Amino acid sequence: TSKVTKTIKAKELWDLIIKHSWNNGEPSLIFIDTINKANPTPKEKIISVNPCSEANLLPYESCCLSSINLSKFVSHGKINYKRLAEVVKLVVRFLDNAIDINKYPLKEIEEKTKSNRKIGLGVMGWADLLVKLEIRYDSDEAIKLAEEVMGFIQKTAKEASMELGKEKGNFPNKENSIYKDIPYMRNATVTS
């Protein structure tokens with residue numbers, strides 16, 4: 001409602017949040033203004049996220065999720081980016097198809113999901129990949145590699161979504177999105 005219901009000292013609230021986060025992982029914090037700055041469909045506002053928050057979603061929206069096991073792409077001490085690109089493109093197509101064949105519990109969820117066609121391609125196996133490459137988890141080299149790998153996955157997934165947009169059509173809400181000025185985009189989000 002945007003109405004003030006109570007005022008308390010920030011330090012007391014912060015200490016309480018930290019204490020309970022330490023005890024059981026809840027509550028978490030959300031900076032809704034920051035999330036909405038990255039909202040690919042900014043004419044509608046994200047008002048909350050689920051506790052797992054794999055993807056920030058609009059009311060009634062869902063997102064098909066999948067992960068690629070990065071440890072499977074190490075060969076002869078190097079990342080096989082050619083094979084990773086093939087798999088990223090395949091998973092983007094798979095997740096997009098899942099939107100169409102999914103059984104939705106509510107009509108509103110189906111309509112919202114199909115209007116933005118959000119997919120969330122994530123990763124797993126990062127620590128195992130680093131072990132195979134003999135890179136320390138807490139090193140600057142690992143951070144640089146993480147940026148490189150996820151940048152590659154993000155770029156490849158967006159390219160795959162553009163190809164799908166050309167082949168199957170853009171997501172219906174594209175004109176109200178950050179992608180309105182590019183010719184083709186099948187999914188409002190591609191990574192999680």
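Helix H3 (residues 81-101) and helix H6 (residues 140-168) have axes that come within 9 Å and cross at roughly 50°. The structure is a predicted model, in which local features need pLDDT of at least 70 and side-chain atom pairs count only at pLDDT 80 or more, while totals for chains, interfaces and linings use all residues. Residues are numbered from 1 along each chain as its sequence is written, and side-chain values use heavy atoms, leaving out hydrogens and water.

**Crossing of H3 and H6**
- The crossing of H3 and H6 is right-handed (the near helix is turned clockwise from the far one by less than a right angle).
- Residues in the contact of H3 with H6 comprise 12 nonpolar, three polar and seven charged (Asp, Glu, Lys and Arg count as charged; Ala, Val, Leu, Ile, Met, Phe, Trp, Tyr, Cys and Pro as nonpolar; the others, Gly among them, as polar).

**Helix H3**
- H3 has 21 residues and spans 30 Å from its first C-alpha to its last, close to the 30 Å expected at 1.5 Å a residue (1.5 Å times one less than the number of residues).

**Lys-180**
- Lys-180 lies in the segment after H6 (helices are DSSP runs of H or I, at least four residues, and strands are runs of E, at least two, numbered from the N terminus).
- Lys-180 counts as partly exposed because its relative accessibility is 46% (between 20% and 50%).
- Not counting residues up to four places away in sequence, Lys-180 touches Lys-174 and Glu-175.
- The C-alpha atoms of Lys-180 and Thr-41 are separated by 9.8 Å, with the residues 139 apart along the chain.

Notes: Axes are lines fitted to C-alpha atoms, for helices over the stretch in contact, and angles run from 0 to 180 degrees between N-to-C directions. Buried means under 20% relative accessible area, exposed over 50%, partly exposed in between (1.4 Å probe, protein chains only). Contact means heavy atoms within 4.5 Å.
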